[in-house]
Amino acid sequence: MKRPVLSAPLLCLLPALALVPVLIVVGQGLHGGGFETWWRFLQGAVQPSKDPLLLKSLWDGLQVTLATALVSWGLSTLIGLLLGVFSSDVLWESAKIPTWPAAAIRSLLALPRAIHELLWGLLLLQVLGLHPWVAVAAITIPYSALVARVFRDQIDSIDRRRLTAVLQSGASAPAALVSSIGPPLQPILLSYGGYRLECALRSATLLGVFGLGGIGTELQLTLQSLRFAEFWSGLWLLILLSVLLEQGLTFWRHRQQTNPSQWNGVSVLTMTVLAVLGGGHWLQQLLPTSGTTLQLMLPPLPDISALQLAATELPWLRMIEQTLRLTLLAAGIAIALPPLCLLIFPGRIAKQVFLGLWTLQRVLPPPLTLLMLLLANLPSLALAALALGLQNAGVMGRLLVEGLDQQNRGTMKAIEVTAAGPRQAWLLGCLSPQSRSYLAYGAYRTDVILRETLVVGLVGGTGLGWMLIESLSSFHWAAVLLIIICFALLTLAGEHISDGLRQRWLRTPGETAST
Amino acid sequence: MPAREHRAVVCLALLCCLSTTALPSWAAETLRIGAIPDQNPEKLNRLYGLLAQELSQKLQVPVRYVPVSNYPAAVSAFRTGGLDVVWFGGLTGVQARLQTPGATVLAQRDIDAKFRSVFIANTQSGLQSISSLEGLQTLKGKRFTFGSESSTSGRLMPQHFLQQGGVTPNQFAGGRPGFSGSHDATIALVHSGSYEAGALNEQVWTSALKSGAADPNKVTVIWRTPTYVDYHWVARPGLDKRFGGGFTTKLQKAILGIKPTTANGKTILSLFAAEEFIPASASQYAPIETVGRQLGKIR
């Protein structure tokens, strides 16, 4: 008997089921009390503050954020590339050495990756003090591990026949490796590298929201005190920067495709080094006296009895359950919302409107979105999930549209001439060929969302994230340590599951269709 | 070497040279002042910019204001030496002093010796004025929000008084209180009705009423807490070694010497919502430490 199989475009819309409980809760909680505040918020968008003192401090903050993003992007790309090469089996095989060191590096790298950059930031802040390089280190550590993983996967999936051939021709192992791995790595270095820079900017902003300086700090403080005109001055600056960066990178990607010979791996590597040195210098100029020299100032480490006490005190089951619920709801929203929007409102104008909306969603850090949503809604976990889901939907949406724009429109045209409606044609002709790679990316995004639950836990008072902030603010190190371990374990488990799903969805369609 | 790469290498070399010029700027000895972020940043920037100017003039050392956006970050920055003098709340000041042995209490405002919090409620919540601690029980089952989790007036003392009145945080609607993050946000969230009641700093509430940010037809005070001691200036140990003998005393005198008779002094004091700064001692804050330990905020 044939097992019923969900076709790909439906699978893509399936997470929309998460929208149902969220909308029910949020719909019930909606109230008019906050509309006045919302109205003031919207007015602020049209009439941002032009106070010179404020603009100056916003401008400084923006520069700090950008410099932080540049340095951490450059550093993490360079370190990630090195670690990626060293954690690949190919390297060790080519030198005819057992491959266990590669496996060891890979498992070691799982830990820095499992901890969100915000968590690194808050921890390093405790250990190193308030210093501009703390934010840089906080982003660089998890990003390096992430980049290393992407490069390692890429390197190990490269066809090895070429390497074997070069090796057999008598070339030395390093030379053979560079000449056979280098060229296939180039495209991924170019496209993935650009994407990481956008991520670094988002992370640098988020770290600011939690007190590590830059424009994020200004945004958080202005919104918290409901100074909407001032908030929007900062937000507009940030939107401008993000759009410029995104458009610049898109333009650059386009240039690469039309004129590939002009851009090679060396020029990208030069750019990363430039980013590190230039950004570092910039940061130094912006904040010349803000820090003493970096030094380790470890807080008192908890002993065994304190750890045992904390382990029994904390409500583990409830915290984990809330964290998982938050992740699933937010992931559902993030994955399903973009295709749903495009399905319900087809057409070119709608697409442009959504693209603009998604940019805004990406730029706004989730804790700020949550505070705004909370003004017109009763507090609930669903609301926190919505805030988290919206930002990630912004990321997923742009990715979906990019994928859709690049594909051949033949299938859709073919279905359209069969007199199918525009929505059906879009679903079957346009979304269907994309849905596997979209879902695979969605699985990866879910992983990211699990890490990010930390971010809204604080405002929503829910889950592990909230407990972590509460413990940090009480300087309760035993609890902090245990919660971090719990978080890391959860993330690693989530990564394992999402990897499995991704591989399933990325298998060739023919293979799956026959099962 | 192709021209493009040649240029890149030249650029790189130049940048390497430039970055070495940045190193000497580490050496300058600057007094770094900070504050817990309990105000809007525009006010913080204005206030501490002016204060830095005033202190710099009086003490003859460069003074720089370092903005911090969350309470524990200010405590850690103080412990690790990123901030030399900080305007702390009651709880954060005690936490900071416990973590930084030798830190000294410099001063407080005239209003800090007898500080209060207010409990506010949305007028449609049906909550009535409370006249005794037992009256707080009417808040059970209501949606209730504190401010920042480390705030003395927005969380610690209100939670303490609730406990005395027989209300624990898990008895609020949803099994937990909210944490709005700031006093202003607490007003807005109770004003909108998202939360039925909340607790905040009385001084912020009074100025919100004056400025019209709070509409008395929509939010009212249902209870004023008894008085307790709050905000204070705390200085790191070792300032005398860095800036010369007797510097900490000079600093204390400079803060106490800010009077409304000068233009700068008048602005600073009005931004601090105070008439003057008065001497304060660590022993005044012992009750805050006791409450902090009871509620698990000090370990």
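I began with one pair: Glu36(A) forms a salt bridge with Lys218(B), with the closest N and O atoms 2.9 Å apart. I counted a salt bridge when a side-chain nitrogen of Lys or Arg is within 4 Å of a carboxyl oxygen of Asp or Glu. The rule finds 4 salt bridges across the interface of chain A and chain B.

The model is predicted: local features need pLDDT of at least 70, side-chain atom pairs count only at pLDDT 80 or more, and totals for chains, interfaces and linings use all residues. Residues are numbered from 1 along each chain as its sequence is written, chains are lettered from A in the order in which they are written, and side-chain values use heavy atoms, without hydrogens and water.

Next I looked up the extent of the contact (heavy atoms within 4.5 Å). Chain A gives 68 residues and chain B gives 61 residues. The buried area is about 5,300 Å², with 59% from carbon and sulfur atoms; this is the accessible area (1.4 Å probe) that the two parts lose on being put together, summed over both.

Then I turned to the sheet in chain B. I took strands as DSSP runs of E with at least two residues, numbered from the N terminus, and called two strands paired if DSSP finds at least two bridges between them. Here 5 strands form an open sheet in the order 7-6-8-5-9, with mixed pairing. Its edge strands are strand 7 (178-179) and strand 9 (219-224) of chain B. Strand 5 (residues 117-122) of chain B pairs with strand 9 of chain B in the antiparallel sense over 5 bridges.

Definitions and conventions:
Helix = DSSP H or I, 4+ residues; strand = E, 2+ residues; numbered from the N terminus.
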